[in-house]
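User: Hi! Could you walk me through this structure in plain words?
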Amino acid sequence: MDILYGINATGNGHISRARVIISELKKRGHNITTIISGNDKNKIFDIDDFKPLIEKKGFTFHKDKGKVKLIKTLLNADLKEFKKDINSLDKSYDLVLTDFEPVSAYFARQKRLPVIGLGHQYSFYKKIPITLKMRLLKIFFPYVYTPVNKVIASHFHHFGQEILPPFLAKKIRNKTIAPNTKSNIIVYVPWEDINDMINILSKIENKNFIYYFDTDREQKVNNITIKPFSEKNFKKDLIENKYLITNAGFQLPAEALFIGKQILCKPLDGQPEQEHNGKILKDLSYATLCKKFDPVTINSWLKVDTFVQKKFQDPLPLMIKMIENPNENFSEEVLKLWK
């Protein structure tokens, strides 16, 4: 099949998942054209994995100091350019896959092409427990943001629905490094202000932090080692070290749960998916949830041993079958993955 694969590049989870799925589809003889929006493609490592590649602006959330600014997000939305981006896609495809990427989804709608939504966001199409805010916003998120015909959804739990276990990178699933052998604390909070975080973490005594950030070089500040983001180095540090401080995305907490980390999550204020994820992680006793990062909260979290490990089965083979056979019913096979 000729497939257009849309990736929302505002989060590394979308990119990591798409990298492996695209590779697998190419191995099976499908022709994949990738469209990336929401970020500068030059900031994406190993970009050749996604070629042939189309870059578009798309949409992204405007954020400031760990909070989504809804008004600025709406004001920054360039609908004229968005329409132009859709109209610029003129090739014919057999199928469109979108990992929460809006240009590809609306292109499929305009051309009346079958479009499948892949990823965690599409679990909101299912009957799952959700926050009140998410219930109110789910008409927009994801129904309007990326309209699709069919979904292949994933979550931390199945909730009795046709929902796949989290998709995990092979470096995590087939790890050759001994896990949790070091007591450093991995910090990945791209939505937070780094100066505020350095000030907070510097006050935590007798603990060392490895802080991944959009920087050009590694540097040391007090008890904090700041590292430029690298898939290889990040996965290695994530596997080896016992603790993780992060926002409440989906991919990274899922990887941490598979390895068996102690996790502290702060949902991005005003981002309904993260607020939902945080509630689910807390309700399932998979992670500690906080409303803000501060020395008292972090020290309290470190004093309680709450290491949780979930051996999620690999959903990739079934995911590929579902993509290639969109009209078949895979409910029983999906539920077997959770047993």
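User: Is histidine 276 buried or exposed?
Analyst: Histidine 276 is buried, with a relative accessible area of 1%. Here buried means under 20% relative accessible area, exposed means over 50%, and partly exposed is in between, using a 1.4 Å probe and protein chains only. A quick note: this is a predicted model, where local features need pLDDT of at least 70 and side-chain atom pairs count only at pLDDT 80 or more, while totals for chains, interfaces and linings use all residues. Residues are numbered from 1 along each chain as its sequence is written, and side-chain values use heavy atoms, leaving out hydrogens and water.

User: Where is histidine 276, and what is it in contact with?
Analyst: Histidine 276 sits in helix 11, residues 272–283. Helices (H or I, at least four residues) and strands (E, at least two) are DSSP runs, numbered from the N terminus. Leaving aside neighbours within four places in sequence, the contacts of histidine 276 include His120, Phe124, Met134 and His155. Contact means heavy atoms within 4.5 Å.

User: And valine 304, where is that?
Analyst: Valine 304 is in the loop between helix 12 (295–303) and helix 13 (316–324). Valine 304 is partly exposed, at 45% relative accessible area.

User: Switching topic: how many residues of helix 4 are buried?
Analyst: Seven of the ten residues in helix 4 (102–111) are buried, so this helix is mostly covered. Among them are Pro102, Tyr106 and Phe107.

User: What happens just after helix 4?
Analyst: Arginine 112 takes a positive phi of about 55° there.

User: How many bridges join strand 9 to strand 10?
Analyst: Three bridges join strand 9 (182–188) to strand 10 (209–213), and the two run parallel. Valine 187 stands opposite tyrosine 211 in strand 10.

User: Last one: which residues line the largest cavity?
Analyst: The lining is Arg17, Leu118, Gly119, Ile152, Ala153, Ser154 and Met319. Strand 7 (115–119) and strand 8 (150–153) are the elements that give two or more residues to this lining. On a 1 Å grid over the protein atoms alone, a cavity is a set of points where a 1.4 Å probe fits but cannot get out, and lining residues have an atom within 4 Å of a point.

Notes:
Pairing = 2+ DSSP bridges. 1 Å grid on protein atoms, 1.4 Å probe; cavity = no way out; pocket = protein on both sides within 12 Å on 5 of 7 lines; lining within 4 Å.
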